[in-house]
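Hi there,

Here is the structure I promised to pass on.

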Amino acid sequence: MKQTAIFRSPLFLEHMKNFDHIESAQRLEVLYEALDQPEIAKHFLFPAFEPASHKLLEQVHAPAYVKRVAATAGKPQVVLDPDTRTSPLSYEAACLAAGSAITAARLLVEGEIKNAFCLVRPPGHHAESDHAMGFCLFNNVAVAARYAIEQLKLKRVLIVDWDIHHGNGTQHSFYDTDEVLYFSIHLSPHYPGTGASYEIGNGQGEGYTINVPLSSHLDNQAYATVFNNLLTPITRQYKPELIILSAGYDIHRDDPLGGMLVTGPGFSYMTKVLLDLAAELCDNRFMACLEGGYSLHGLREGVFATLSEMRGQSLLTDKAVIEFTSAAYPIRALDETRNIAKKFWTL
Ligand SMILES: [Zn+2]
């Protein structure tokens, strides 16, 4: 039977290891410690993977930018952006993080694994074609989606981004194309300032960027409402061949950078919606890449809620599933986005 694959590496702990930064190695340490327990590890597969080559990174990033990040290798510290610095092994870690997402996409399309979660650092969704931003060096999900299109010959990839911050880099990577549908649900106003409802894509990509900019303090029911009433009907019409999740756990109730009220059952339900869509539309091809999440407890609760769904051992009760499925929370941003998206999708 196929298993859920987890991509992990000690190298991901080396990025900014001894620096005082909220995007810390401890974030992965708490996850890896749990996965080191044999009774948990036995449920997962841990495939080998390689760093992304410059050729594959350059399908998303400008060659000069890739060179700039490569030039940080071995240097004690380089400041790339006010929020984003490197340590001696950051470049290697960033190449390996993108490489894990590439391998996950390949193994999924080859039918070797059930689904995949890349538990990586540095995160990726703020990284732009030509510059680092918001703790991100290379855009892991964008590199994987571009690889799926160019090398694996897929025609439609859905990227869902539930991190509390808008994934500006991912949006910009696919703003002009219908080959990737980018769906982001995020807090607004908030960093990085992009992700308004009216940002819908351009040219061939018009209608293939969907942004739901939420006000703060929204809970599991609100997220379920958006997933049921906007993401699900659009995804059914788009018919993706692969679903990639930018999995940010900074929407957790306890997150210090957050402002949302999502908890374990909310993460379980959102994952379930995505897995059900993947089962219905694309032979279960679903992969997640870790983005934010800065409460160590919240991160761990959220990631293991996601992983439990992925391996078919849901933590949700039947009653909770019924409640979430019928969730109808009034959300102004949802109405605004739906009205704009109606031009492109039957809603
Ligand atoms: Zn974030």
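Strand E6 (residues 157-161) is largely enclosed by the rest of the structure, because five of its five residues are buried (20 or more other C-beta atoms within 10 Å of a residue's own, C-beta atoms being placed from the backbone). Helices (H or I, at least four residues) and strands (E, at least two) are DSSP runs, numbered from the N terminus. This is a predicted model, in which local features need pLDDT of at least 70, side-chain atom pairs count only at pLDDT 80 or more, and totals for chains, interfaces and linings use all residues. Residues are numbered from 1 along each chain as its sequence is written.

Both faces of E6 are covered: Val157, Ile159 and Asp161 are buried on one side, Leu158 and Val160 on the other.

E6 pairs (at least two DSSP bridges between two strands) in parallel with strand E7 (residues 180-187) through five bridges, and Leu158 has Leu181 as its bridge partner there. Five bridges also join E6 in the parallel sense to strand E9 (residues 242-247), where Ser246 stands opposite Asp161.

**Two packed helices**

Elsewhere, helix H9 (residues 220-238) packs against helix H13 (residues 332-341) at an angle of about 10 degrees, their axes 11 Å apart (axes are lines fitted to C-alpha atoms over the stretch in contact, and angles run from 0 to 180 degrees between N-to-C directions). H9 is therefore roughly parallel to H13 (angles under 35 degrees).

Best wishes

How values were computed. Buried ≥ 20, exposed ≤ 12 C-beta atoms within 10 Å, placed from the backbone. Parallel < 35°, antiparallel > 145°, perpendicular 65-115°, else oblique.
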